[in-house]
Amino acid sequence: MRRNDRAVGVEEARRTLETAEYGVLSMASSDGVPYGIPLNFAFMRDGIYFHCAPEGKKIDLLSSNRKVSFCVVGRAEVMPEKFGTKYESVVAAGIVEELFEKDKREGLVLLLRKYSPDYIREGLKYIDRLFDNTRVFRICLESITGKARR
């Protein structure tokens, strides 16, 4: 990190991962072509959970290279008069693994609790109905770096 004066500790970075609304998953094909995609996610312990359709470009890339980067921007406020931005951000990296059965359900419930906390009962029914048509993954984190300007 170039601006060490803006570095935040791991615990603060983890709090940003817990509260950020969305993140960007960055992947690379086996021949090094980059691809980034924004997505909803949930963070728990040392894992970032996300879900997706049963097939597509994301699945193809993850099948060929399980190493990923994930970044989030928490609170941000443009300061036009200072030609800058107040922000908090996190860049994390790790290895993706697909989840099945109990772990898959746990990942979906984490997403439900984060994005639809007032609709848990309805959300559980929704999970049951679409369980077999959804894939769930966890990024097993190897590094977390946080940065902020206040």
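This is a predicted model: local features need pLDDT of at least 70, side-chain atom pairs count only at pLDDT 80 or more; totals for chains, interfaces and linings use all residues.
Residues are numbered from 1 along each chain as its sequence is written, and side-chain values use heavy atoms, with hydrogens and water left out.

View 1. Helices (H or I, at least four residues) and strands (E, at least two) are DSSP runs, numbered from the N terminus. Tyr22 counts as partly exposed because its relative accessibility is 48%, the class between buried (under 20% relative accessible area) and exposed (over 50%), with a 1.4 Å probe and protein chains only. Leaving aside neighbours within four places in sequence, Tyr22 is in contact (heavy atoms within 4.5 Å) with Pro38, Leu39, Asn40, Phe41, Val72 and Tyr115.

**View 2. Antiparallel pairing of strand 7 (residues 84–99) with strand 6 (residues 67–79) and with strand 8 (residues 135–149).** Strands pair if DSSP finds at least two bridges between them; strands 6 and 7 are joined over eleven bridges, and strands 7 and 8 over 13 bridges. Val91 in strand 7 is the bridge partner of Cys71, whereas Glu88 stands opposite Ala148 in strand 8. Four residues separate strand 6 from strand 7 in a hairpin, where Phe83 in the turn has a positive phi of about 55 degrees.
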